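The following exercises concern side-chain contacts in a predicted model. Each task is followed by a worked solution.

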Amino acid sequence: REISKLLFIYKISILTLEREVTFSEFIKPICLWTYKDVDLNVAAGRDAYAVGYGRDETGKDSEIRKHARVTVQDQIECKIHYAERLEEGKEVQHFCAKGNGSEAPCYYDLMLYMKVDSKWYLRGIASTTRTFSNGTCDVDKPTLYEDIVQHAEWILNQIN
(Lines give C-alpha, C1' and ligand atoms only; values in the text may rest on other atoms or scores of the structure.)
Protein backbone atom coordinates (compact mmCIF):
# COMPACT_ATOMS: atom_id res chain seq x y z
CA ARG A 1 0.00 0.00 0.00
CA GLU A 2 1.09 3.54 -0.58
CA ILE A 3 1.87 5.86 2.28
CA SER A 4 0.36 9.31 1.96
CA LYS A 5 1.90 10.84 5.10
CA LEU A 6 4.76 9.99 7.46
CA LEU A 7 5.36 11.65 10.83
CA PHE A 8 7.95 10.65 13.39
CA ILE A 9 9.29 11.50 16.83
CA TYR A 10 12.00 9.55 18.66
CA LYS A 11 11.46 5.95 17.45
CA ILE A 12 7.77 6.37 16.66
CA SER A 13 6.47 6.65 13.12
CA ILE A 14 2.89 7.29 12.17
CA LEU A 15 1.88 6.22 8.69
CA THR A 16 -1.27 7.42 7.02
CA LEU A 17 -2.36 4.94 4.38
CA GLU A 18 -4.32 5.91 1.31
CA ARG A 19 -6.78 3.06 1.87
CA GLU A 20 -8.35 1.49 4.92
CA VAL A 21 -6.81 -1.62 6.42
CA THR A 22 -8.99 -4.72 6.55
CA PHE A 23 -8.73 -6.39 9.93
CA SER A 24 -8.35 -10.15 10.03
CA GLU A 25 -7.17 -12.94 12.29
CA PHE A 26 -3.62 -11.61 11.88
CA ILE A 27 -4.24 -7.87 11.51
CA LYS A 28 -5.93 -6.36 14.54
CA PRO A 29 -6.09 -2.94 16.15
CA ILE A 30 -4.00 -2.15 19.20
CA CYS A 31 -4.83 0.36 21.92
CA LEU A 32 -2.44 3.11 22.90
CA TRP A 33 -1.33 3.06 26.54
CA THR A 34 -2.48 6.38 27.99
CA TYR A 35 -2.68 5.49 31.68
CA LYS A 36 -0.75 8.13 33.59
CA ASP A 37 1.49 5.85 35.67
CA VAL A 38 3.53 8.24 37.75
CA ASP A 39 5.59 5.43 39.23
CA LEU A 40 6.94 3.00 36.64
CA ASN A 41 7.23 0.36 39.37
CA VAL A 42 3.42 -0.01 39.10
CA ALA A 43 4.04 -2.21 36.04
CA ALA A 44 6.80 -4.26 37.74
CA GLY A 45 6.05 -7.96 37.84
CA ARG A 46 3.46 -7.78 35.07
CA ASP A 47 3.70 -9.99 32.01
CA ALA A 48 4.11 -8.41 28.61
CA TYR A 49 5.01 -9.54 25.10
CA ALA A 50 7.88 -8.32 22.95
CA VAL A 51 6.94 -8.64 19.29
CA GLY A 52 9.01 -8.36 16.13
CA TYR A 53 11.56 -9.94 13.85
CA GLY A 54 14.33 -10.31 16.44
CA ARG A 55 17.35 -12.55 16.41
CA ASP A 56 17.10 -16.09 17.62
CA GLU A 57 19.52 -17.90 19.93
CA THR A 58 21.96 -18.43 17.04
CA GLY A 59 22.19 -14.72 16.23
CA LYS A 60 20.17 -15.05 13.01
CA ASP A 61 17.41 -12.47 12.32
CA SER A 62 13.99 -14.10 12.12
CA GLU A 63 12.16 -14.04 8.80
CA ILE A 64 8.80 -14.37 10.54
CA ARG A 65 7.29 -12.23 13.26
CA LYS A 66 7.60 -13.80 16.69
CA HIS A 67 6.81 -12.88 20.25
CA ALA A 68 8.53 -13.46 23.57
CA ARG A 69 6.79 -13.39 26.92
CA VAL A 70 8.65 -11.10 29.31
CA THR A 71 8.20 -9.68 32.79
CA VAL A 72 8.48 -5.98 33.52
CA GLN A 73 11.31 -5.37 36.01
CA ASP A 74 11.40 -2.84 38.83
CA GLN A 75 13.38 0.37 38.36
CA ILE A 76 16.21 -0.83 40.63
CA GLU A 77 16.86 -3.85 38.37
CA CYS A 78 16.73 -1.57 35.33
CA LYS A 79 19.30 0.83 36.81
CA ILE A 80 21.69 -2.04 37.58
CA HIS A 81 22.00 -2.83 33.86
CA TYR A 82 21.42 0.57 32.23
CA ALA A 83 22.54 3.28 34.69
CA GLU A 84 24.63 5.16 32.12
CA ARG A 85 21.90 5.00 29.45
CA LEU A 86 19.23 6.15 31.89
CA GLU A 87 21.38 9.08 32.98
CA GLU A 88 22.11 10.28 29.43
CA GLY A 89 18.46 9.98 28.36
CA LYS A 90 16.85 11.25 31.55
CA GLU A 91 14.34 13.37 29.62
CA VAL A 92 12.79 10.10 28.36
CA GLN A 93 11.14 7.66 30.77
CA HIS A 94 12.35 4.07 30.50
CA PHE A 95 11.59 0.71 32.04
CA CYS A 96 13.02 -2.79 31.63
CA ALA A 97 11.51 -6.16 30.76
CA LYS A 98 13.22 -9.53 30.92
CA GLY A 99 12.53 -12.92 29.39
CA ASN A 100 12.54 -16.24 31.21
CA GLY A 101 16.05 -17.30 30.16
CA SER A 102 15.02 -19.22 27.05
CA GLU A 103 12.48 -16.82 25.61
CA ALA A 104 13.62 -13.19 25.46
CA PRO A 105 13.47 -10.16 23.19
CA CYS A 106 16.40 -9.35 20.91
CA TYR A 107 17.20 -6.94 18.06
CA TYR A 108 14.11 -5.87 16.10
CA ASP A 109 11.71 -7.11 18.78
CA LEU A 110 10.78 -3.49 19.15
CA MET A 111 7.24 -3.29 20.48
CA LEU A 112 6.13 -4.31 23.94
CA TYR A 113 2.46 -5.13 24.47
CA MET A 114 0.44 -5.70 27.64
CA LYS A 115 -3.03 -7.13 28.02
CA VAL A 116 -5.37 -5.31 30.40
CA ASP A 117 -8.73 -7.00 30.85
CA SER A 118 -9.49 -8.15 27.30
CA LYS A 119 -7.65 -5.39 25.38
CA TRP A 120 -4.08 -5.27 24.12
CA TYR A 121 -2.05 -2.09 24.59
CA LEU A 122 1.21 -0.83 23.17
CA ARG A 123 3.24 -0.19 26.34
CA GLY A 124 6.83 0.41 25.22
CA ILE A 125 9.34 0.69 22.41
CA ALA A 126 12.70 -1.08 22.69
CA SER A 127 15.63 1.23 23.24
CA THR A 128 18.61 -1.02 24.10
CA THR A 129 19.35 -4.70 24.61
CA ARG A 130 22.49 -6.40 25.92
CA THR A 131 24.36 -8.59 23.44
CA PHE A 132 27.39 -10.83 23.29
CA SER A 133 30.29 -10.23 20.88
CA ASN A 134 28.91 -12.91 18.51
CA GLY A 135 25.71 -10.88 18.00
CA THR A 136 23.40 -13.02 20.10
CA CYS A 137 21.35 -11.37 22.81
CA ASP A 138 22.02 -11.97 26.48
CA VAL A 139 18.73 -13.57 27.55
CA ASP A 140 19.66 -13.19 31.22
CA LYS A 141 19.68 -9.38 30.97
CA PRO A 142 16.61 -7.16 30.60
CA THR A 143 15.82 -5.04 27.55
CA LEU A 144 15.40 -1.29 28.02
CA TYR A 145 12.12 0.18 26.72
CA GLU A 146 10.91 3.75 26.25
CA ASP A 147 7.61 4.29 28.06
CA ILE A 148 4.96 4.99 25.40
CA VAL A 149 2.78 7.06 27.74
CA GLN A 150 5.14 10.03 27.46
CA HIS A 151 4.47 10.15 23.71
CA ALA A 152 0.72 9.41 23.85
CA GLU A 153 -0.38 13.05 23.65
CA TRP A 154 1.77 13.65 20.55
CA ILE A 155 0.49 10.47 18.91
CA LEU A 156 -3.15 11.31 19.64
CA ASN A 157 -2.68 14.87 18.31
CA GLN A 158 -1.25 13.50 15.06
CA ILE A 159 -4.03 11.01 14.41
CA ASN A 160 -6.99 13.21 15.44
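**Exercise 1.** Over the ring of which residue does the charged end of R123 sit?

*Solution.* The charged end of R123 is placed over the ring of F95, at 5.3 Å from the ring centre. A charge is assigned to a ring within 6 Å of its centre and within 35 degrees of the ring normal.

**Exercise 2.** Determine the salt bridges of the structure and locate their partners.

*Solution.* In one of them, the side chains of D47 and R69 meet at 3.4 Å, N to O. D47 belongs to strand β4 and R69 to strand β5, so this pair ties together parts 22 residues apart in sequence. D47 is partly exposed at 37% relative accessible area, and R69 is also partly exposed, at 43%.

The side chains of D147 and R123 form a salt bridge at 2.3 Å, N to O. D147 lies in strand β9 and R123 in strand β8, so parts 24 residues apart in sequence are tied together. Both residues, D147 and R123, are buried.

**Exercise 3.** Classify two of the aromatic pairs.

*Solution.* The structure holds 3 aromatic pairs. Among them, W33 and Y121 have ring centres 5.7 Å apart and planes at 80°, so the pair is edge-to-face. W33 is buried, with 4% relative accessible area, and Y121 is buried with 11%.

For F95 and Y145, the centres are 5.9 Å apart and the planes stand at 20°; the pair is therefore stacked. F95 in strand β6 and Y145 in strand β9 are 50 residues apart. F95 is buried at 2% relative accessible area, and Y145 is buried at 0%.

Terms used
Residues numbered from 1 in each chain as written. Predicted model: local features only at pLDDT ≥ 70, side-chain atom pairs only at ≥ 80, totals over all residues. Heavy atoms only, no water. Salt bridge = Lys/Arg side-chain N within 4 Å of Asp/Glu carboxyl O. Helix = DSSP H or I, 4+ residues; strand = E, 2+ residues; numbered from the N terminus. Buried < 20%, exposed > 50% of the residue type's maximum accessible area, 1.4 Å probe, protein only. Phe/Tyr/Trp six-rings, centres within 6.5 Å; stacked < 30°, edge-to-face > 60°.
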